[in-house]
Amino acid sequence: MQILVIHGPNINLLGSREPDTYGSVTMDEINKSLEELGSAHNIQTSYFQSNIEGEIVNKIQEASLSKEINGIIINPAAYTHTSVAIRDALAASKITTIEVHLSNVYKREEFRHKSITAPVCKGQICGFGATSYLLAMHAFIDANSNDKDSKDFSSLA
Ligand code: DQA
């Protein structure tokens with residue numbers, strides 16, 4: 001099983017970026033903890049970060065064409081609230097995707113209350129800081145152990 005983790009714009013700045021909102025954990029530390037959790041459950045992880053919308057679209061298309069990626073954990077960051085292109089790429093990919101956010105976007109400014117991308121995802125986890133990513137990984141781990149024959153996590157409850 002292979003999970004692709006996609007971090008959107010400004011997530012590379014975690015650690016120094018608005019720590020009161022996003023905490024002090026860096027993106028590399030998040031990736032490392034996902035790697036450890038996944039590998040303990042036979043799940044391989046790969047990572048991608050971009051500040052550029054089209055590069056994220058390209059990465060999703062590439063993952064879909066490769067047929068090697070079974071699931072995606074994505075924090076589209078600001079593109080959550082604006083990107084029809086990322087939403088369409090996720091919908092076209094048919095890869096089971098979980099959207100995550102460090103902050104609870106529903107407690108913040110109104111423009112963050114709407115996610116354009118979440119409706120094409122299996123679900124959304126937000127508000128738990130870096131743990132949001134680990135909770136998403138746990139959902140994939142659970143699905144993997146509940147249904148060992150599933151190759152695409154489509155049975156994810
Ligand atoms: C975020 C929330 C978004 O509204 C914001 O633009 C981000 C980070 C989060 O993880 O809490 O860049 O996705």
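The model is predicted: local features need pLDDT of at least 70 and side-chain atom pairs count only at pLDDT 80 or more, whereas totals for chains, interfaces and linings use all residues. Residues are numbered from 1 along each chain as its sequence is written, and side-chain values use heavy atoms, with hydrogens and water left out. Helices (H or I, at least four residues) and strands (E, at least two) are DSSP runs numbered from the N terminus. Five strands form an open sheet with parallel pairing, in the order β2-β1-β3-β4-β5.

**Sheet layout**

- The strands β2 (44-49) and β5 (123-126) stand at the edges with a single partner strand each, so one side of each is left without a neighbour in the sheet.
- Neighbouring strands of this sheet are turned by 20° against each other on average, direction ignored.
- Two strands count as paired if DSSP finds at least two bridges between them.

- Five of the five residues of β3 (residues 71-75) are buried, a term for under 20% relative accessible area, with exposed meaning over 50% and partly exposed in between (1.4 Å probe, protein chains only).
- Gly-71, Ile-73 and Asn-75 point one way from β3, Ile-72 and Ile-74 point the other way, and all are buried.
- In a regular strand the side chains alternate between the two faces of the sheet.
- Five bridges pair β3 with β1 (residues 2-7) in the parallel sense; across this pairing, Ile-6 stands opposite Ile-74 and His-7 opposite Asn-75.
- β3 also runs parallel to β4 (residues 96-101), joined by four bridges, and Thr-97 in β4 is the bridge partner of Ile-72.
- Together with helix α4 (residues 84-93), β3 and β4 make a right-handed β-α-β unit; right-handed means that, with the strands pointing away from the viewer, the path from the first strand over the helix to the second runs clockwise.

**Helices α2 and α5**

- The axes of α2 (residues 27-39) and α5 (residues 131-146) come within 10 Å and cross at roughly 20°; axes are lines fitted to C-alpha atoms, for helices over the stretch in contact, and angles run from 0 to 180 degrees between N-to-C directions.
- The two helices, α2 and α5, are therefore roughly parallel to each other.
- Ile-30, Ser-33, Leu-34, Leu-37 and Gly-38 in α2 meet Tyr-133, Leu-134, Met-137, His-138 and Ile-141 in α5, where contact means heavy atoms within 4.5 Å.
- α2 also lies across β1 and β2, running at about 165° to β2.

How values were computed: Angles under 35 degrees count as roughly parallel, over 145 as roughly antiparallel, 65 to 115 as roughly perpendicular and the rest as oblique.
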